Amino acid sequence: PALVLTTHEPGTWDLIFCRNTARSMRPEATGRLWQRLEASLCPGGVLVLGKAGRPLGARRLSPWGPCVYRRNRG
């Protein structure tokens with residue numbers, strides 16, 4: 001499995017860059033990836049993806065700009 005799915009970094013983050021990671025993963029793994037990244041962002045935190053990245057199923061992420069998503073504060 002990809003290290004991003006098995007390694008845990010402590011705390012929450014204000015900014016996460018995750019470019020071109022999901023495109024090399026199987027669909028079932030990408031769902032876990034988006035959930036993990038969403039949970040790793042603090043409220044108001046920003047996730048930057050590559051052009052092909054779409055955090056499908058991430059309920060607390062909203063588009064904020066091209067390839068940029070922000071975690072909802074609520």
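**Buried polar residues and loop geometry in a predicted chain**

Arg-71 is buried, its relative accessible area being 12%, where buried denotes under 20% relative accessible area, exposed over 50% and partly exposed the range in between, with a 1.4 Å probe and protein chains only. The model is a predicted one, in which local features need pLDDT of at least 70 and side-chain atom pairs count only at pLDDT 80 or more, whereas totals for chains, interfaces and linings use all residues. Residues are numbered from 1 along each chain as its sequence is written, and side-chain values use heavy atoms, with hydrogens and water left out.

Arg-71 belongs to strand S4; helices (H or I, at least four residues) and strands (E, at least two) are DSSP runs, numbered from the N terminus. When neighbours within four places in sequence are set aside, Arg-71 is in contact (heavy atoms within 4.5 Å) with Glu-38, Ala-39, Leu-41, Cys-42, Pro-43, Gly-44, Gly-45, Arg-60 and Leu-61. A polar atom of the Arg-71 side chain lies 2.5 Å from the backbone oxygen of Leu-41. Between Arg-71 and Thr-12 the separation is 59 residues in sequence and 12 Å in space, taken from C-alpha to C-alpha.

Glu-38, one of the residues in contact with Arg-71, is located in helix H2, which comprises residues 27-40. With a relative accessibility of 7%, Glu-38 is likewise classed as buried.

Most residues other than glycine have a negative phi. Asn-20, by contrast, has a positive phi near 65 degrees and is placed in the loop between strand S1 (13-18) and H2; with a relative accessible area of 38%, Asn-20 is partly exposed. Cys-67, also not a glycine, has a positive phi of about 65 degrees and occupies the loop that connects strand S3 (61-65) with strand S4 (68-71). The relative accessibility of Cys-67 is 23%, and Cys-67 therefore counts as partly exposed.

With regard to aromatic side chains, Arg-70 lies over the face of Trp-64 at 4.8 Å from the ring centre, the criterion being that NZ of Lys or CZ of Arg is within 6 Å of the ring centre and within 35 degrees of the ring normal.

At the level of the whole chain, 2 helices and 4 strands are present, and their order along the sequence is α-β-α-β-β-β. The radius of gyration, taken over C-alpha atoms, is 11 Å, close to the 11 Å that the globule rule (2.2 Å times the number of residues to the power 0.38) gives for 74 residues, so the chain is as compact as a globular protein of that length. Along the principal axes, the C-alpha atoms fill a box of roughly 30 × 30 × 20 Å. Of the 74 residues, 36% count as buried, and among contacts between residues at least 6 apart in sequence, 50% join residues at least 24 apart. The chain exposes about 5000 Å², of which carbon and sulfur atoms supply 55%, the accessible areas coming from the Shrake-Rupley method with a 1.4 Å probe.

Methods
A polar contact is a pair of N or O atoms within 3.5 Å; within protein, one must be able to donate a hydrogen and the other to accept it, and residues adjacent in sequence count only if both atoms are side-chain atoms.
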